[in-house]
Amino acid sequence: MTTIARNFQDVHARIVTACRAAGRDAADVALLAVSKTFGPGAVRAAFEAGQRAFGENYIQEGVEKIAALADLRADLCWHCIGPIQSNKTRLVAERFDWAHTLDRLKTAERLSAQRPPELAPLNVCIQVNIDGGPAKSGVAPDQALALARAVAALPRLRLRGLMTIPEPAADFEAARAVHARAKVLFAQLNAAGLGLDTLSMGMSADLEAAVAAGSTLVRIGSALFGARAPKAT
Ligand SMILES: *Cc1c(COP(=O)(O)O)cnc(C)c1O
């Protein structure tokens, strides 16, 4: 078995264990494999281990990887999980299946306008700055409902849920408490009729805390592919 295949087994086991501890069904937590900085060969190895959904942060890198793996395109689901500058919306609209980081209506409007008519609507999540962290990405929690309503009205987007990237927490309980705030917001938006099905939260270090709080999609990179080299600048 390859290292990547074994890592997938380990991460699936972590999800199952975390779901059991939370009294949840493991089928309700999807695994997004974050392949940023790793080449097409790593994605292909993950595909052979059964993985179908991949996340990319850097749009140009993602687009090149999607092209290099064109033979698998029909079987793969590509998620953009990095910031989307205005000059990159067209690439996201044309090449990806999902975008997780919407925090401005203008970006959403561009994505909707640029989504090719022959493709299904682009699945999107609104990024929420749930802990007021200094990263500055993400809408403030009290702005999420208004943005969600506006995004849900765009014709070529399908609003699926919320996404968060909290600051690293001191321990499990602190991480769970922050993720629980996102779960409350998610429930409030659904109570307002938005019909969301995706709560994108949890990474290699806080998978268990995110699942305990109600994550439906964990974004896992280093636990699957190994440590990343620092990004060249
Ligand atoms: C890199 C990244 C991940 C994966 O992080 P790991 O700690 O390697 O699991 C998840 N989400 C986002 C938005 C990322 O940038």
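In which helix is K65 found? The points below answer this and then take up other parts of the structure, which is a predicted model.

1. Position of K65. The residue K65 belongs to helix α3, which covers residues 59–68. K65 has a relative accessible area of 4% and is therefore buried, since buried means under 20%. Its side chain forms a polar contact of 2.8 Å with the side chain of E61.

2. Surroundings of K65. When neighbours within four places in sequence are set aside, K65 is in contact with S35, K36, T37, F38, G39, P40, V43, E56 and W78.

3. Backbone of T37. One of the contacts of K65 is T37, a residue placed in the loop between β1 (30–34) and α2 (40–48). T37 is not a glycine, yet it has a positive phi of about 75°. With a relative accessibility of 35%, T37 is classed as partly exposed.

4. The nonpolar cores. The largest nonpolar core contains 62 residues. Within this core, the residues with the most contacts are V92, I126, V151, L157, L162 and F225. Helix α1 (residues 3–22) supplies the largest share of the core, namely six residues. There is also a second, separate core of five residues, among them L32, V34, A53 and L217.

5. Contacts of F225. Apart from its neighbours within four places in sequence, F225 is in contact with I4, N7, A33, V34, S35, F38, A42, A46 and F54. F225 also takes part in a cluster with F8 and F38, linked by ring pairs.

6. Aromatic pairs. How many aromatic pairs does the model contain? The count comes to three. F54 and W78 form a tilted pair, with 5.7 Å from centre to centre and 40° between the planes. F54 lies in strand β2 (residues 53–56) and W78 in strand β3 (residues 77–80), so this pair ties together parts that are 24 residues apart in sequence. Both F54 and W78 are buried.

7. Position of D97. Is D97 buried or exposed? D97 is buried, because its relative accessible area is 19% and the limit for buried is under 20%. D97 is placed in the loop between α4 (89–95) and β4 (98–102). The side chain of D97 makes a polar contact of 3.0 Å with the side chain of R73. Beyond its neighbours within four places in sequence, D97 is in contact with R73, L76, C77, W78, R115, L122 and N123.

8. The ligand. The ligand is surrounded by 13 residues, of which the closest are K36, N57, S204, S222 and R228. A polar side-chain atom of N57 lies 2.7 Å from an oxygen atom of the ligand. In the case of S222, a backbone N or O atom lies 2.7 Å from a ligand oxygen atom. For R228, an N or O atom in the side chain is 2.8 Å from an oxygen atom of the ligand. Taken alone, the ligand exposes 390 Å², and the protein buries 90% of that area.

Conventions
Residues numbered from 1 in each chain as written. Predicted model: local features only at pLDDT ≥ 70, side-chain atom pairs only at ≥ 80, totals over all residues. Heavy atoms only, no water. Core = buried A, V, L, I, M, F, W, Y, C linked by side-chain atoms within 4.5 Å. Buried < 20%, exposed > 50% of the residue type's maximum accessible area, 1.4 Å probe, protein only. Helix = DSSP H or I, 4+ residues; strand = E, 2+ residues; numbered from the N terminus. Contact = heavy atoms within 4.5 Å. Polar contact = N/O pair within 3.5 Å; in protein donor to acceptor, adjacent residues only side chain to side chain. Phe/Tyr/Trp six-rings, centres within 6.5 Å; stacked < 30°, edge-to-face > 60°. Near = heavy atom within 4 Å. Areas by Shrake-Rupley, 256 points an atom, 1.4 Å probe, with all protein chains shown as cover.
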